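I opened the model to go through its strands, rings and packing, and kept these notes as I went.

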Amino acid sequence: MSDEFDGPEIDNTKWQTEPVGNGWQWLGRAPGLFRAENVRAEDGKMKVTVGVLAEPVTHAGKEYKYQGAIIRSISPGGPGMYFETRMKANATGMSTTFWLITKPGKGMRQELDIQECVGDTSNLTQKWGREWDQIFHSNLIRTETGAPGKVQIQDFINTPTKNHERFYVYAAWWKSSSEVQFFLNGEYVYSLRPDVAWEMPAYLQMAIETYDWNPLPEGGGLVATGTQEQRTTQYDWIRVWRLE
């Protein structure tokens, strides 16, 4: 699950860039469509560039105008492991994320969000999310077949700069089934404690997507007009450790 991204291509023995397949079905939250073509290895980094689709696409009655991507680990992680990435967010209203989730199926699903932010907010953004362009935000979310809604446990701190202005190292130590500790640039910041045993095998996810609470302005804003650098999320490396 560790990768320095030094090769000429994304290592498909470690990462899946196609949004559908291998038990995964999610194409992205409309109006942002996941496309593997937007992921590349370049300059020793994994880069994901967002943009406007040449033509709108309709899937399951939903219209997609913009494009991002999702990268998933082939191997799962679990308790006792430490996950970290050095990454720089794109500067658009789309997201930059680093998280884990169990595969779809009946019963309970568990999601461990290490970092979730956006590159830009506006007066269209819901009030609670208007600082999400300068944030280290983490969740434990569980859903269960037949149960209403979701159970969410979260915490956050504000980062010294906007997330797109520099690289940060975001990390979580899945210390046990009852505690996850979170770190920013190697410094402990907070812990989350689930209300059930947090021990199901979960897969790393890097999703660059649109959010309904941070809608893109008419025309797409920087997703349409930004430079390639502004529209690109960069993962310098991903390192996963197991305490022995």
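**Strand 6 and its partners**

I started with strand 2 (residues 32-34), which pairs with strand 6 in the parallel sense over three bridges. F34 of this pairing stands opposite G68 in strand 6. I note here that the model is predicted.

I then followed strand 6 to its other partners. Strand 1 (residues 15-16) is joined to strand 6 by two bridges and runs antiparallel to it. There I found W15 opposite S73.

Strand 5 (residues 51-59) and strand 6 (residues 62-77) are antiparallel and share five bridges. In this pair, G51 has Q67 of strand 6 as its bridge partner. I looked at the turn as well: strands 5 and 6 make a hairpin with two residues between them, and A60 in that turn has a positive phi of about 50°.

Six bridges connect strand 6 with strand 15, again in the antiparallel sense. R72 is the residue that stands opposite Q205 in strand 15.

Strand 12 (residues 168-176) and strand 13 (residues 179-184) run antiparallel and are joined by five bridges. Y170 has L184 in strand 13 as its bridge partner.

**Aromatic pairs**

I counted rings next, and the total came to 14 aromatic pairs. I took W132 and W213 as an example: their ring centres are 4.9 Å apart and their planes stand at 70°, which is over the 60 degrees required, so the pair is edge-to-face. Where do these two residues lie? W132 is in the loop between strand 9 (108-118) and strand 10 (136-144), and W213 is in the loop between strand 15 (202-208) and helix 1 (222-225), so the pair ties together parts that are 81 residues apart in sequence.

Are the two tryptophans, W132 and W213, buried or exposed? W132 has a relative accessible area of 8%, which is under the 20% limit, so W132 is buried. W213, at 9%, is buried too.

I also looked at F183 and Y188, an edge-to-face pair with 5.8 Å from centre to centre and 70° between the planes. Here F183 is buried, with a relative accessible area of 12%. Y188, at 46%, falls between the limits of 20% and 50%, so Y188 is partly exposed.

One aromatic cluster is made up of F136, Y168, Y170, F182 and Y190.

**Charges over rings**

I found R166 with its charged end over the ring of Y168, 4.0 Å from the ring centre. Y168 is also a member of the aromatic cluster noted above. R239 has its charged end over the ring of W237, at 3.8 Å from the centre.

**The nonpolar core**

I looked up the largest nonpolar core, which has 41 residues. Which of them touch the most other members? They are F83, L112, I114, F182 and L204.

I listed the contacts of L112, leaving aside neighbours within four places in sequence. L112 is in contact with W99, L100, N139, L140, A172, W174, V180, F182 and W198. As background, nonpolar side chains in soluble globular proteins tend to be buried together.

**K150**

Last, I checked K150, which lies in the loop between strand 10 and strand 11 (151-157). The relative accessibility of K150 is 53%, over the 50% limit, so K150 counts as exposed. Not counting residues up to four places away in sequence, K150 touches I141, R142 and T143. I also took the distance to R109: K150 and R109 are 9.9 Å apart, C-alpha to C-alpha, and 41 residues apart in sequence.

Conventions
Residues are numbered from 1 along each chain as its sequence is written. This is a predicted model: local features need pLDDT of at least 70, side-chain atom pairs count only at pLDDT 80 or more; totals for chains, interfaces and linings use all residues. Side-chain values use heavy atoms; hydrogens and water are left out. Rings of Phe, Tyr and Trp (its six-membered ring) pair if their centres lie within 6.5 Å; planes under 30 degrees apart count as stacked, over 60 as edge-to-face and the rest as tilted. Helices (H or I, at least four residues) and strands (E, at least two) are DSSP runs, numbered from the N terminus. Buried means under 20% relative accessible area, exposed over 50%, partly exposed in between (1.4 Å probe, protein chains only). A charge sits over a ring if NZ of Lys or CZ of Arg is within 6 Å of the ring centre and within 35 degrees of the ring normal. Contact means heavy atoms within 4.5 Å. Two strands pair if DSSP finds at least two bridges between them. A nonpolar core is a set of buried Ala, Val, Leu, Ile, Met, Phe, Trp, Tyr and Cys residues joined through side-chain atoms within 4.5 Å.
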